Amino acid sequence: MGDGLSYTRPVHGASTPLVVGFDLDMTLIDPRRGVRSALRALAQETGAAIDVELVVSTLGPPLETALSPWFDGDALDRACWRYRDLHGAILLEQTDPMPGAVEAVRAVSKLGGTVIVVTAKYEPHARTSLVAVGIEADVVVGWKYGPAKGEVLRDHAAQVYVGDHPADVIAAQVGGSLSVAVATGEATPSALRAAGADVVLSSLLAFPAWLENWRASGST
Ligand SMILES: [Mg+2]
């Protein structure tokens with residue numbers, strides 16, 4: 001910086017290129033209809049007693065983790081790929097936008113910002129899910145969770161990472177990004193605050209106004 005000040009967060013302001021990262025599931029998109037359908041089909045095919053509602057209510061971790069209570073080793077690998085086949089076939093019809101998601105991404109673009117989506121989801125399905133809800137991201141990176149998301153955020157110099165899960169807060173911290181948490185997933189506002197979120201919004205409906213204020217403030 002050359003001015004002797006130490007910054008704990010990236011410098012931002014109207015003159016700094018804006019880069020905002022978003023998580024996907026339960027942040028930008030609501031995948032639950034499709035997840036439910038695919039899990040039910042997988043349970044039927046395999047005979048495994050998958051607790052569909054448990055998986056649907058704890059979205060965020062990688063699929064391998066989510067299915068690990070019912071499958072192991074090679075069977076887990078096979079189940080994950082079969083699930084992806086089943087889910088992929090219905091993604092376009094059974095993916096919904098989260099409230100305010102389209103507007104939140106548009107708010108970044110309107111400021112000339114770059115939107116990057118960083119998600120644990122299988123990357124081709126992440127891209128299809130975004131098409132399904134009409135969101136265009138500049139960069140989409142899949143297969144990343146927790147600290148690994150943070151490395152992507154750092155590589156892209158993301159000033160902000162928006163997510164619904166405590167692991168997204170960790171991702172932002174690793175990436176040197178401001179952690180903006182939305183309480184639209186399983187985590188409550190207090191859980192997200194306890195995880196260290198810098199900002200907690202009730203949903204993305206509040207994001208455009210927050211972004212405008214934050215940009216106008218010019219510094220942390
Ligand atoms: Mg999420």
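Predicted model: local features only at pLDDT ≥ 70, side-chain atom pairs only at ≥ 80, totals over all residues.
In which hand does α1 pass α4?

1. Helix α1 and helix α4. The crossing of α1 past α4 is right-handed. Helix α1 covers residues 32-46 and helix α4 residues 73-88; their axes come within 9 Å and cross at roughly 130°. The two helices are therefore oblique to each other.

2. Residues between α1 and α4. On the α1 side the contact consists of Gly34, Val35, Ala38, Leu39, Ala41, Leu42 and Glu45. These meet Ala79, Arg82, Tyr83, Leu86 and His87 of α4. Sorted by class, the α1 contact with α4 holds 8 nonpolar, 2 polar and 2 charged residues.

3. The magnesium ion. Three residues coordinate the magnesium ion, at 2.1 to 2.2 Å: Asp23 and Asp164 through OD, and Asp25 through O. Along the chain, the donors of the magnesium ion have the spacing D-x1-D-x138-D. Asp25 sits in the loop between β1 (19-22) and β2 (29-30), and Asp164 in the loop between β6 (160-163) and α8 (166-175), so this pair ties together parts that are 139 residues apart in sequence. Asp25 and Asp164 are both buried.

4. Lys121. Lys121 belongs to the loop between β4 (114-118) and α6 (123-133). Its relative accessibility is 13%, and because buried means under 20%, Lys121 counts as buried. Between the C-alpha atoms of Lys121 and Asp25 there are 8.2 Å, although the two residues are 96 residues apart along the chain.

5. Neighbours of Lys121. Leaving aside residues up to four places away in sequence, Lys121 touches Leu24, Asp25, Ile29, Pro31, His87, Ala126, Ser129, Gly142 and Trp143.

6. Helix α7 and helix α8. The axes of helix α7 (residues 147-155) and α8 come within 7 Å and cross at roughly 40°. That angle makes α7 oblique to α8. Here, α7 passes α8 in a right-handed crossing. From α7, the contact uses Pro147, Lys149, Gly150, Glu151, Leu153 and Arg154; from α8, it uses Asp168, Ile170, Ala171, Ala172, Val174 and Gly175. In terms of class, the contact of α7 with α8 has 6 nonpolar, 2 polar and 4 charged residues.

Conventions:
Residues numbered from 1 in each chain as written. Heavy atoms only, no water. Axes fitted to C-alpha atoms, helices over the stretch in contact; angles between N-to-C directions. Helix = DSSP H or I, 4+ residues; strand = E, 2+ residues; numbered from the N terminus. Parallel < 35°, antiparallel > 145°, perpendicular 65-115°, else oblique. Left-handed = near helix turned anticlockwise from the far one by under 90°. Contact = heavy atoms within 4.5 Å. Nonpolar A, V, L, I, M, F, W, Y, C, P; charged D, E, K, R; others polar. Donors = N, O, S within 2.8 Å, 3.2 Å for Na, K, Ca; no water. Buried < 20%, exposed > 50% of the residue type's maximum accessible area, 1.4 Å probe, protein only.
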